[in-house]
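Thanks for making time this morning. I would like to walk you through one model, a few elements at a time, so please have the sequence and the structure ready to look at.

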Amino acid sequence: RDGNYSLPGALQEVESIHKIVNGKIYTNSDCTKENFLSEVKNAKILHLSMHSLVDHKNPLNSQLLFTDTKDSLGYQLTASELYQTEISADLVVLSACSTGAGRLESSEGVMSMSRAFTYSGVGSVLHSLWKVPDASTSYIMIDFYKQLKQGKTKSQALALAKQNYLNDETIPKSQKTPYYWAGFVMTGNVDPIKMKSSKGLYISVLVGTILVLLTTRSRKKRAA
């Protein structure tokens, strides 16, 4: 989930999660940086299923890519901007590539997109350690929310989603190496989240209809 090409799994992912938690969903041309910033003050959970770009030389310039609508705010949300944004969500799910990666700074730790969200006030962040495949990511994310809705803690929900992926006999063994499922990590408060209300959940997805730069390039498949 890095680069600027289409992510069919991401669209399926947020549509499935929407059915589980009945939240507010933004896709395609509605998935703008402007809409995101207008929602962050009220959201209990932020699920961002999209492309991300890591800048190892200048971590503050690492980015999440929203839909490019040519508005004044642009479509790139940088780590630097997150450090200046107040977000009170209980949980942010960064369903994108390498959102926990970045340059290691002495006395600071890894300067990643995940760290930027934590600094902004988020209680817990689910992030990725490497370039995660589209299909397996969707599988784990959907199951993660199923487990959360059943009252599991955030860490339990993630662990069970990974276990269910590994136990699924419809998935070839070649697609069960750690590369496909082990890249996601939970940090922060791992307490359960109540999901009785549909209010306060914002799900965002970038499906690549506007930001596609490599039109002949396919998404990362399970066998990548």
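L64 stands opposite L77, a residue of β5, and the strand pairing around them belongs to a model that is predicted, in which local features need pLDDT of at least 70, side-chain atom pairs count only at pLDDT 80 or more, and totals for chains, interfaces and linings use all residues. Residues are numbered from 1 along each chain as its sequence is written, and side-chain values use heavy atoms, with hydrogens and water left out.

Strand β4, residues 63–65, is joined to β5 by three bridges, and the two run antiparallel; strands here are DSSP runs of E with at least two residues, helices are runs of H or I with at least four, and both are numbered from the N terminus. Two strands count as paired if DSSP finds at least two bridges between them. Three strands make up an open sheet in the order β3-β4-β5, with antiparallel pairing, and its edge strands are β3 (51–53) and β5 (76–78), each of which pairs on one side only.

Let me turn to strand β2. Five of the five residues in β2, which spans 45–49, are buried, so this strand is largely enclosed by the rest of the structure; buried means under 20% relative accessible area, exposed means over 50%, and partly exposed lies in between, using a 1.4 Å probe and protein chains only. From β2, I45, H47 and S49 point one way, while L46 and L48 point the other way. Five bridges join β2 to strand β6, residues 91–95, and these two run parallel, with L94 of β6 as the bridge partner of L48.

Next comes helix α4, residues 113–120, where M113, S114, A116, F117 and S120 are buried. They cover an arc of only 160° around the axis, which puts them on the same side of α4, the arc being that of the directions from the helix axis to the C-beta atoms. Just after α4, G121 takes a positive phi of about 120°.

Which side chain makes a polar contact with the side chain of H127? That partner is S114, at 2.9 Å, where a polar contact is a pair of N or O atoms within 3.5 Å; within protein, one must be able to donate a hydrogen and the other to accept it, and residues adjacent in sequence count only if both atoms are side-chain atoms. H127 is found in strand β9, residues 124–128, and is buried, with a relative accessible area of 7%.
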